[in-house]
Amino acid sequence: MWMMGEMSEIVDFVNHGAALITPKVTRELLPQIPFLKAEFATINEPRFPHLVNQLEFLADAVEDFMEGAYDLLPYYAFCQAVFALTYAHKKTDIIPDFVNSLGRADDSSVVRAVLIQNKRHFQAYAEKQNFEMAARLRDIADIADRETHARQHRILALQQSLDHGYRSSIGFAQRG
């Protein structure tokens, strides 16, 4: 799987977070889902145009699973989706949401890791619920793949730029 090599830290983070999801967490989450959907609908991040739809999709899947409307979703996919929803709800996480233009990058990465790791299971869920949703998920997953590659290139360029600036400042300090 391509993601394991290129996004292994995010995948490990998601898997670790999902392993901490308990029945108590899910019971407390269920009545909050309508509020989360309303909160997610207010996200306006042009750099992550599909994040709202992805979060809404995961919220629907979690809600349907918890209410017994769809019981074919594996527990690990369900727990990863719960983790993604609770993570996206946090305002202060790896990259705080208030950080201009980057605040939702980590949320988007977590959500994409969940969707991509469980593409087959969420595709089956979407097809069972309605064909339009299935087509939307296919598009979301394909776009997520492309966005991941583009984002990784931007991050690498930023890291190289920062590294170059740091090395330049060290050289300046050593000369002074």
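Colleague: Before we start, what should I keep in mind about the numbering and the model?

Modeller: Residues are numbered from 1 along each chain as its sequence is written, and side-chain values use heavy atoms, with hydrogens and water left out. The model is predicted, so local features need pLDDT of at least 70 and side-chain atom pairs count only at pLDDT 80 or more, while totals for chains, interfaces and linings use all residues.

Colleague: Thanks! How many helices and strands does the chain have?

Modeller: There are nine helices and zero strands. Both are DSSP runs numbered from the N terminus: helices are H or I with at least four residues, strands are E with at least two.

Colleague: Why is α4 called oblique to α6?

Modeller: Helix α4 (residues 33-41) and helix α6 (residues 75-89) pack at an angle of about 55 degrees, with axes 11 Å apart. Axes are lines fitted to C-alpha atoms, for helices over the stretch in contact, and angles run from 0 to 180 degrees between N-to-C directions. Under 35 degrees counts as roughly parallel, over 145 as roughly antiparallel, 65 to 115 as roughly perpendicular, and the rest as oblique. The pair α4 and α6 is therefore oblique.

Colleague: Which residues of α4 and α6 make that contact?

Modeller: L36, E39 and F40 of α4 meet L85, A88 and H89 of α6; contact means heavy atoms within 4.5 Å. They divide into four nonpolar, one polar and one charged. Ala, Val, Leu, Ile, Met, Phe, Trp, Tyr, Cys and Pro count as nonpolar, Asp, Glu, Lys and Arg as charged, and the others, Gly among them, as polar.

Colleague: And what makes α2 roughly perpendicular to α7?

Modeller: Their axes come within 9 Å and cross at roughly 85 degrees, which makes α2 roughly perpendicular to α7. I10, V11, F13, V14 and N15 in α2 meet S109, V110, A113, V114 and Q117 in α7. That contact has seven nonpolar, three polar and no charged residues.

Colleague: What about α5 and α6, at roughly 130 degrees?

Modeller: The axes of α5 and α6 come within 9 Å and cross at roughly 130 degrees, so α5 is oblique to α6. The contact includes L55, L58 and V62 of α5 and A81, A84 and L85 of α6. By class, the contact of α5 with α6 has 13 nonpolar, no polar and no charged residues.

Colleague: Which residues touch the most other members of the largest nonpolar core?

Modeller: L55, L58, V62 and F122 do, in a core of 41 residues. Such a core is a set of buried Ala, Val, Leu, Ile, Met, Phe, Trp, Tyr and Cys residues joined through side-chain atoms within 4.5 Å. Helix α6 gives the most to this core, with ten residues. Leaving out residues up to four places away in sequence, L58 touches A81, A84, L85, V111, V114, L115 and F122.

How values were computed: Buried means under 20% relative accessible area, exposed over 50%, partly exposed in between (1.4 Å probe, protein chains only).
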